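Here are my notes for you to read alongside the model. Take the points in order and find each residue on screen as you go.

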Amino acid sequence: METLLRSLVRVLFGFKSFVSEELGSETWNLLTDQQYELLSKNLHKTRQLFVHGLPGSGKTTVALKVMQKIRNVFHCETHEILYVCENQPQKKFVSNKKICKAVTRKYFMKHDFAEIQHIVVDEAQNFCTKDGDWYKKAKTITQRRKDCPGILWIFLDYSQTNQLSCSGLPALSDQFPREELTGTVLHEDEIAQ
């Protein structure tokens with residue numbers, strides 16, 4: 001079965017990818033092997049996950065795909081999934097996908113999210129606690145349903161940290177379970193531009 005799945009992934013590499021559509025480039029692979037492995041995780045067993053990745057490793061792409069998977073697996077509506085990031089352009093980009101409610105960390109800390117069940121946090125290494133403990137709030141929201149706790153996946157890259165204050169993240173040794181995206185996507189210069 002595993003050989004069949006890997007063969008299917010290789011066939012799918014020929015299709016235009018999510019990132020290709022965004023950048024207007026036809027040469028992107030659909031998913032790297034690492035991204036595929038990450039998205040293949042059983043969400044019922046992997047409720048919380050810290051995803052570390054190098055620049056250009058596709059963290060945001062995987063974050064978007066995991067939100068689509070959450071919608072399918074848990075039969076969620078857009079207003080039940082929250083994407084939290086640090087900046088307005090990123091929030092706008094994700095909002096335009098119409099797969100979740102997208103907010104900045106600052107907005108997240110100032111409002112209640114009674115309908116939210118699942119949270120995906122992106123670029124968490126740049127978060128800070130000056131407006132409150134965002135990590136504790138996210139855990140509380142996703143764990144309020146004892147019979148079926150929600151998903152909390154946090155994407156980060158410490159090499160892209162651009163603030164010195166406390167990020168609010170648990171110590172690296174406490175970020176468990178944790179996955180690493182080490183490969184980079186082709187054409188990372190286009191991503192940077």
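Predicted model: local features only at pLDDT ≥ 70, side-chain atom pairs only at ≥ 80, totals over all residues.

1. The chain has eight helices and six strands. Reading from the N terminus, their order is α-α-α-β-α-β-α-β-α-β-α-β-β-α.

2. Now the overall picture. The chain has 193 residues, and 44% of them count as buried. Take the contacts with a separation of 6 or more: 71% of them come from residues 24 or more positions apart. The chain exposes about 10,500 Å², with carbon and sulfur atoms supplying 53% of that.

3. Which residues touch the most other members of the largest nonpolar core? They are Met67, Ile70, Tyr83, Val120 and Trp153, out of 26 residues in that core. At least two core residues come from each of helix H3 (33-39), strand E1 (48-53), helix H4 (59-74), strand E2 (81-85) and strand E5 (152-156). H4 gives the most, with seven residues. Apart from this core lies another one of 20 residues, including Phe50, Val121, Phe127 and Tyr135.

4. Have a look at valine 120 and valine 121, one after the other. Leaving aside residues up to four places away in sequence, valine 120 touches Ala63, Val66, Met67, Ile70, Leu82, Tyr83, Val84, Trp153 and Phe155. Valine 121 sits in strand E4 (residues 118-121), and it counts as buried because its relative accessibility is 1%.

5. On to the backbone. Most residues other than glycine have a negative phi, and most peptide bonds are trans. Lysine 98 has a positive phi of about 55° although it is not a glycine. This lysine 98 is in the loop between helix H5 (88-95) and strand E3 (101-104). Glutamate 123 is no glycine either, yet has a positive phi of about 60°; its place is in the loop between E4 and H7. Are these two buried or exposed? Lysine 98 is exposed, at a relative accessible area of 61%, whereas glutamate 123 is buried, at 19%. Finally, phenylalanine 176 and proline 177 are joined by a cis peptide bond, with omega about -5°. Proline 177 lies in the loop between E5 and strand E6 (178-181).

6. How many salt bridges does a search of the whole structure find? Four. In one of them, the side chains of glutamate 179 and lysine 41 meet at 3.0 Å, N to O. This pair links distant parts of the chain, with glutamate 179 in strand E6 and lysine 41 in the loop between H3 and E1, 138 residues apart. Glutamate 179 is partly exposed at 28%, and lysine 41 is partly exposed at 22%.

7. Another salt bridge joins the side chains of arginine 105 and glutamate 86, at 2.9 Å, N to O. Arginine 105 is in helix H6 and glutamate 86 is in the loop between E2 and H5, 19 residues apart. Arginine 105 counts as buried because its relative accessibility is 3%, while glutamate 86 is partly exposed at 27%. Salt bridges link Glu86, Arg105 and Asp131 in a network.

8. Last stop, the surface. Met1, Leu4 and Leu5 make a nonpolar patch of about 360 Å². Leucine 4 lies in helix H1 (residues 2-12), and it counts as exposed because its relative accessibility is 57%.

Notes. Residues numbered from 1 in each chain as written. Heavy atoms only, no water. Patch = residues over 30% accessible without salt bridge, like charges linked within 9 Å, V, L, I, M, F, W, Y side chains within 5 Å. Areas by Shrake-Rupley, 256 points an atom, 1.4 Å probe, with all protein chains shown as cover. Helix = DSSP H or I, 4+ residues; strand = E, 2+ residues; numbered from the N terminus. Buried < 20%, exposed > 50% of the residue type's maximum accessible area, 1.4 Å probe, protein only. Core = buried A, V, L, I, M, F, W, Y, C linked by side-chain atoms within 4.5 Å. Contact = heavy atoms within 4.5 Å.
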